[in-house]
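User: I would like to learn how to read a few features of a protein model. Could we take them one at a time?

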Amino acid sequence: MSQYALVIDLDKCVGCHACAVNCKAWNTGGQYGPLTDKAPYGARPEGVWFNRVQTYEVGKFPNTEVVYLPKSCMHCKDAPCVKVCPTSASYKRREDGIVLINYDDCIGCKYCSWACPYGVREFDTYDGVMKKCTLCVDRIYNDNLPADERKPACVLACPTKARIFGDIDDPSTDAFKLIRERMGYKLLPEAATEPSNYYLPKRKYKIQLNMDDILVRKHLKVETEVKVLPFTGTIAEDIASP
Ligand code: SF4
Ligand code: SF4
Ligand code: SF4
C-alpha cells in the first residue's frame, strides 16, 4: 500500500505563490475542474484555494528571517475529517492514501472542516460542498499527459523545486530519502492525525552586521535602516522545526 504525499523544503521556498496559483489554475480549468470560483483571478481573488502560503517572521530585529509555509491537505493516515463525515463523502483511498471527497454525497454540513486541525478544507459556496487538495489525482494517473507531467500542478510550478511529490512509504523515492536525510517533520504531531505531508527544516544563517554602519545610522537617528553584509553561508541550526 502506498502513501502519496508532498515533501516541502522550507529552505528552498521563496514564497512566490506559484504553487498556489497553478493549483488554482489547474483546478478551475476545463469543464471538469473541481473548483467553481466565478472570478478566480479577479481584483479580489478570494474563493476556494486548495493551497495557501503563510508567511512568518522569526527571530529578533535585526536578526530576523522570513519563513514561508505552504500548506494544503496533509492526507492524514488517521484523518479526523473522514471519521466525522456523516455521509461518508470524505474517504481515504486504500491504494494510495489520498484523502478525497465524493461531492455527490457531501451535504455541506462542514463537520470535516471543524475536525481538521490544519484548516485546509475549503467550502465551495457555489457548489455547496466541501473541497480540498486532491494531490491532483486527475493528473498523477492521467495517461494522456507525458510521464514527467504526471505530478501535482503545484509541484510542476515551483521554480525552486521546493516541492517533492511521491510515495513516502517507498524507500526508493526521493520523498522517502529526503525525509530521512534532512530530518523532515510533520506539522502539529500532537493532533495525532498522522499527517503524510512532511516539511524539510529551514536552516538559520548567521548574519554579520556592519557595526560601524549601525552606529553611524543611530547617530543620524536612522535606526531602522541596517546594512546587512552578504550571508556568511554558515549554517547554524533549524529555525522552522518544532
Ligand atoms: S489535513 Fe485536514 S482535511 Fe486533510 S486529511 Fe488531515 S484532517 Fe483531513
Ligand atoms: S461537509 Fe461534506 S465532506 Fe464534510 S463532513 Fe459534511 S458531508 Fe462530509
Ligand atoms: S512555488 Fe515553490 S517557492 Fe513558490 S511558494 Fe510554492 S513552494 Fe514556495
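Analyst: Start with residue classes. Ala, Val, Leu, Ile, Met, Phe, Trp, Tyr, Cys and Pro count as nonpolar, Asp, Glu, Lys and Arg as charged, and the others, Gly among them, as polar. Keep in mind that this model is predicted.

User: By class, which residues does the shell around ligand 2 have?

Analyst: That shell has 10 nonpolar, 3 polar and 1 charged residues. Among the 14 residues around ligand 2, those that come nearest are Cys85, Cys106, Cys109, Cys112 and Met130.

User: And which residues come nearest to ligand 1?

Analyst: Cys73, Met74, Cys76, Cys81 and Cys116, out of 14 around ligand 1. The classes there are 10 nonpolar, 2 polar and 2 charged.

User: Why does Val129 count as partly exposed?

Analyst: The general idea is a neighbour count: a residue is buried if 20 or more other C-beta atoms lie within 10 Å of its own, and exposed if 12 or fewer do. Val129 has 19 such neighbours, so it counts as partly exposed. Val129 lies in strand β7, and its contacts beyond four places in sequence are Tyr103, Cys106, Gly108 and Asp124. Cys106 is 23 residues away along the chain, yet the two C-alpha atoms are 5.8 Å apart.

User: What is the order of the strands in the open sheet?

Analyst: The order of its 3 strands is β8-β1-β9, and the pairing is mixed. Strands β8 and β9 are at the edges with a single partner strand each, so one side of each has no neighbour in the sheet. Strands β1 and β8 run antiparallel, joined by 5 bridges; Leu6 has Phe165 of β8 as its bridge partner.

Notes: Residues are numbered from 1 along each chain as its sequence is written. Chains are lettered from A and ligands numbered from 1 in the order in which they are written. This is a predicted model: local features need pLDDT of at least 70, side-chain atom pairs count only at pLDDT 80 or more; totals for chains, interfaces and linings use all residues. A residue is near a molecule or strand if its C-beta atom, placed from the backbone, lies within 6 Å of it. Helices (H or I, at least four residues) and strands (E, at least two) are DSSP runs, numbered from the N terminus. Two residues are in contact if their C-beta atoms, placed from the backbone, lie within 7 Å. Two strands pair if DSSP finds at least two bridges between them.
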